[in-house]
Amino acid sequence: GTDVARDSSDVVLGDDNFATIVAGVEEGRIAYQNIRNVVYLLVAAGTAEVLTVASAVLLGLPLPFVPAQLLWLNLVTNGLQDVALAFEPAERDVLNRPPRPPRERILSPLMLHQTLLMGMIMAAGTLYMFASSLKAGVPLDKARTIALTTMVFFQFYQAANCRSATQSIFRLNPLTNPLLFFSMIAAFFAQLAVIYVPAFQWIFRTVPISAGEWLKIGAITSTIVIAV
């Protein structure tokens, strides 16, 4: 009878201790939420990049990124942060939430709206920095460097936003996910190397940017935190 029950069952509990079952449910909820966070980050970032390039073409502007810069953008931001987000620890109320509907999609309607909004904000900010730099007479390579750095910092903030769907980043201790914290520091220094190391400048067609331009980038990219 036991063998027949095992063969016909969808799930077999090797340990029927209730504490083990609760721990399993908790781990499942953490894994599902982290998958959603990673998808949220990747879709929003991809939307922003597509909108930036498409808008530049429609407005008759030069392309804001060269291919090598797009590859770097996805490596330095998505390549590090999405892996780190997968290790986000559980939120305190993870077991107090009601069960999710079985037919619920990975991205809820609210998250889809937020994804579109975040993509539009990142694209608008990056395109503004690019177009205003060109209008001010900045060489194309420098305008592209400014656009690249703007998008990188937008996605830094967005990665922090994606840590929780219910809490502000100001309520989250950055050190509770040390992998994300240190990956963002590593990505920041990698971006500095791309801008200021001559060998990387040649590969990625970048040029140094001034302190005033850094301040402007910081001000523009912080708007995504306010929006979220």
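Asn37 sits in helix H2, where helices (H or I, at least four residues) and strands (E, at least two) are DSSP runs numbered from the N terminus. At 2% relative accessibility, Asn37 counts as buried. Buried means under 20% relative accessible area, exposed over 50%, and partly exposed in between, with a 1.4 Å probe and protein chains only.

The model is predicted: local features need pLDDT of at least 70, side-chain atom pairs count only at pLDDT 80 or more, and totals for chains, interfaces and linings use all residues. Residues are numbered from 1 along each chain as its sequence is written, and side-chain values use heavy atoms, with hydrogens and water left out.

The protein chain has nine helices and zero strands. Its C-alpha atoms fill a box of roughly 80 × 35 × 35 Å along the principal axes. Of its 228 residues, 38% are buried.

Helix H5 spans residues 140–161. Its 22 residues reach 31 Å from first C-alpha to last, close to the expected 32 Å; the expected span is 1.5 Å times one less than the number of residues. In H5, 18 of the 22 residues are buried, so the helix is largely enclosed by the rest of the structure.

Back to H2, residues 18–58, which also holds Ile21. Ile21 is partly exposed, at 32% relative accessibility.

On a 1 Å grid over the protein atoms alone, a cavity is a set of points where a 1.4 Å probe fits but cannot get out, and a pocket is an open set with protein on both sides within 12 Å along at least five of seven lines; lining residues have an atom within 4 Å of a point. The largest cavity has a volume of about 80 Å³. Its lining includes Asn37, Arg97 and Arg163. The largest pocket holds about 530 Å³. Closest to its centre, among 20 lining residues, are Tyr32, Gln33, Arg36, Arg97 and Arg100. H2 gives the largest share of that lining, six residues.

Key: Points joined across faces, edges and corners; volume = space filled by probe spheres on them.
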